[in-house]
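I opened the model today to look up a few things. My notes follow the display.

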Amino acid sequence: MLIGRERQLGQLDALLSEARLGKGRALVLRGSAGIGKTVLLDHAVQQASGFQVLHYTAVESEAELPFACLHALLGPLLVRLSEIPETQAHALRAALALKSMASTNRLAVYAGALSLFGVAAEGAPLLVVVDDAHWLDRPSAEALTFAARPARAASTWCSTSMAAATAISPPASAFWITCSIA
Ligand SMILES: Nc1ncnc2c1ncn2[C@@H]1O[C@H](COP(=O)(O)OP(=O)(O)OP(=O)(O)O)[C@@H](O)[C@H]1O
Ligand SMILES: [Mg+2]
């Protein structure tokens, strides 16, 4: 039972409902330590029936490991690599250590992540949850930011009592939540 979070829970439920209707959204929760960010994310996951859920909690030990988050998040989607442009699939395989490549084409990796999320969201709404995002490895953070970029202009959708919450629209049917300490 979460005390005093009716509004935030309602907003999360509303976003999930919108995602079910094909309206993708991104949400960043910020708040001080222990204020209840993770429990809100857990609520969203519990309510996400019918969604494909990709859930990652960043950890300090992997903060310096390039693409550690993407490796975990995209794992269930790698079987669909053949459905995205080959250049992107090739770059993703290299970034995720599935193939050797001399250099990393970051744009191709980020675009590949976006394409894979898009492919996944075609069949069922997709919920991507990243908790403790302050420990995200930088390339993964950049990839997620890139994937959410298409609707950054949508700006703020709500402001919680914890701190600011910002919504941006990623690919259709995808609903993203990232969480970090302010
Ligand atoms: N509104 C609330 N009502 C009841 N319990 C709450 C509420 N918010 C947080 N808690 C409880 O406080 C504890 C800390 O919550 P939580 O782990 O979600 O915080 P957090 O913001 O994710 O912390 P951190 O920044 O350390 O990751 C948990 O036991 C959680 O159940
Ligand atoms: Mg937490």
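The model is predicted, so I kept its limits in mind: local features need pLDDT of at least 70, side-chain atom pairs count only at pLDDT 80 or more, and totals for chains, interfaces and linings use all residues. Residues are numbered from 1 along each chain as its sequence is written, and chains are lettered from A and ligands numbered from 1 in the order in which they are written.

**Helix pair.** I took α4 (residues 86–95) and α5 (residues 106–123). Their axes, lines fitted to C-alpha atoms over the stretch in contact, come within 8 Å and cross at roughly 105 degrees. α4 and α5 are therefore roughly perpendicular to each other. By class, their contact has eight nonpolar, four polar and no charged residues. Gly counts as polar here; Asp, Glu, Lys and Arg count as charged.

**Ligand 1.** How many residues surround ligand 1? I found 13, the closest being Ile 3, Gly 36, Lys 37, Thr 38 and Val 39. Near means a C-beta atom, placed from the backbone, within 6 Å. Helix α2 (residues 37–47) gives the largest share of this shell, three residues. I sorted the shell into six nonpolar, five polar and two charged residues.

**Ala 141.** I located Ala 141 in helix α6 (residues 138–148). Is Ala 141 buried or exposed? It counts as buried because it has 20 C-beta neighbours inside 10 Å. The cut-offs are 20 or more for buried, 12 or fewer for exposed, and partly exposed in between. Its C-alpha atom is 8.7 Å from that of Leu 70, 71 residues apart along the chain.

Terms used
Helix = DSSP H or I, 4+ residues; strand = E, 2+ residues; numbered from the N terminus. Axes fitted to C-alpha atoms, helices over the stretch in contact; angles between N-to-C directions. Parallel < 35°, antiparallel > 145°, perpendicular 65-115°, else oblique.
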